[in-house]
Amino acid sequence: MAVNHQHLRAFHAIALEGSFSRAARRLNVAQPTLSQQIKALEDRHQAVLFEGRRPPLRLTPIGRELFALTQRMFATSDEIDELLDDRIDTGSGSVRIGADSPVYAARLAQALMQAHADMVVEARIDNAGDAMRCLQDAKVDVAILSDPAMDGQFFYEPIFADYLQVVLPVGHRLARSPVFPLAALAEERVIIREPASKTRAAMETLMASAGVFPAQVMELHSREAIREAIALGMGVSLFFSSDCPPDTRLALVRPDRQGERAQLTGYLVGRVERRRTAMMRAVLTAAQTLKALSPLPLHAPAPRAVSAPGRPEASRSAEPQLSVQS
């Protein structure tokens, strides 16, 4: 009794994602279609593959055995695609990039288009959590993420490491100082990003480690809005150096201390099973050119682990946090 290949692909996607809905988005099919395919697979072979249908999904013993086989099966399928794709011009394809860094998204797009003149590149910018969800939901092919949580479904290639700089209006009394004493933030209105922002988390970590509490805090939800507010003299902030394009209205001053936990490493992240495809190899090759532009040497720590696919990133509760009032 031959196994239906489409049913196996449905099972493999659900087992990888741990969710019918995410698997449906990944395969670009309706969720009821996937449910019907799994039911048909189980009925045809008289095998129960999942313990229930609600997340978090758990594989039965035979489901785990089948998943081990489909992993090998689809890995071989990817190798076949790789062999055949080598005969095709990768530059005629398209790549969808998700990123929490506009600068590195643009640099990756540039590197791809320089290497493959006919390649169509699309980039969308979100915070790290939303960019990761887009990758999980197959809305993008690859993502550039800051200090992501590690998930075995994805590969992680470090491409840059960065540090914080204090951003001041050019007329500020410390704008020409060689370093900015973090203690001076106690006299300033500090402008911060939204709670999900990695920049905000790094700022809070650095200020808390220095025992500094700003005189006042203002929350704005984009880099552009914060830059404009600083230029208008509404306060000061801290940005990662790559997020600070030249602006004659602003001064960038390195703080007098740099905690390692307040630094950031950016990774190129993609699905493990797609790493060997021609498109992903082109992306990885282009990403190598970004490493030379890294503000700090790349000695990247391993990303933090999570125990289940799709789970939100681990909290920073082990690090000191700054309590702020809007």
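The following questions and answers concern a predicted model of a single chain.

Visitor: How many helices and strands does the chain have?
Guide: The model is predicted, and 48% of the 326 residues of its chain count as buried. Among contacts between residues at least 6 apart in sequence, 77% join residues at least 24 apart. As for the elements themselves, the chain has 9 helices and 12 strands.

Visitor: Are α1 and α3 roughly parallel or roughly perpendicular to each other?
Guide: Helix α1 covers residues 5-17 and helix α3 covers residues 31-45, and their axes come within 9 Å and cross at roughly 110°. Angles of 65 to 115 degrees count as roughly perpendicular, and α1 and α3 are therefore roughly perpendicular to each other.

Visitor: How many of the residues in the contact of α1 with α3 are charged?
Guide: On the α1 side the contact is made by Gln 6, His 7, Ala 10, Phe 11 and Ile 14, and on the α3 side by Leu 34, Gln 37, Ile 38, Ala 40 and Leu 41. These residues divide into 7 nonpolar and 3 polar, and the number charged is given as no charged.

Visitor: Which residues of α2 and α3 make the contact between these two helices?
Guide: The axes of helix α2, residues 20-27, and of α3 come within 9 Å and cross at roughly 105°, and the two helices are therefore roughly perpendicular to each other. The residues of their contact divide into 6 nonpolar, 3 polar and no charged. Those residues are Phe 20, Ser 21, Ala 23, Ala 24 and Leu 27 of α2, together with Gln 31, Leu 34, Ser 35 and Ile 38 of α3.

Visitor: How many charged residues does the contact of α1 with α2 have?
Guide: Helices α1 and α2 pack at an angle of about 125° with their axes 8 Å apart, which makes α1 oblique to α2. The contact is made by Arg 9, Ala 10, Ala 13, Ile 14, Leu 16 and Glu 17 of α1 and by Phe 20, Arg 22, Ala 23, Arg 26 and Leu 27 of α2. Of these, 7 are nonpolar and no residue is polar, while the charged residues number 4.

Visitor: Is the crossing in which α1 passes α2 left-handed or right-handed?
Guide: Where α1 passes α3, the crossing is left-handed. Where α1 passes α2, the crossing is right-handed.

Visitor: Does Gln 46 count as buried or exposed?
Guide: Most residues other than glycine have a negative phi. Gln 46, although not a glycine, has a positive phi of about 50°, and its place is in the loop between α3 and α4. Because its relative accessibility is 71%, Gln 46 counts as exposed.

Visitor: Where is the place of Ala 138?
Guide: Ala 138 is a residue other than glycine with a positive phi, near 60°. Its place is in the loop between α6 (128-136) and β3 (142-146).

Technical notes. Residues are numbered from 1 along each chain as its sequence is written. This is a predicted model: local features need pLDDT of at least 70, side-chain atom pairs count only at pLDDT 80 or more; totals for chains, interfaces and linings use all residues. Side-chain values use heavy atoms; hydrogens and water are left out. Axes are lines fitted to C-alpha atoms, for helices over the stretch in contact, and angles run from 0 to 180 degrees between N-to-C directions. Helices (H or I, at least four residues) and strands (E, at least two) are DSSP runs, numbered from the N terminus. Angles under 35 degrees count as roughly parallel, over 145 as roughly antiparallel, 65 to 115 as roughly perpendicular and the rest as oblique. A crossing is left-handed if the near helix is turned anticlockwise from the far one by less than a right angle, and right-handed if clockwise. Contact means heavy atoms within 4.5 Å. Ala, Val, Leu, Ile, Met, Phe, Trp, Tyr, Cys and Pro count as nonpolar, Asp, Glu, Lys and Arg as charged, and the others, Gly among them, as polar. Buried means under 20% relative accessible area, exposed over 50%, partly exposed in between (1.4 Å probe, protein chains only).
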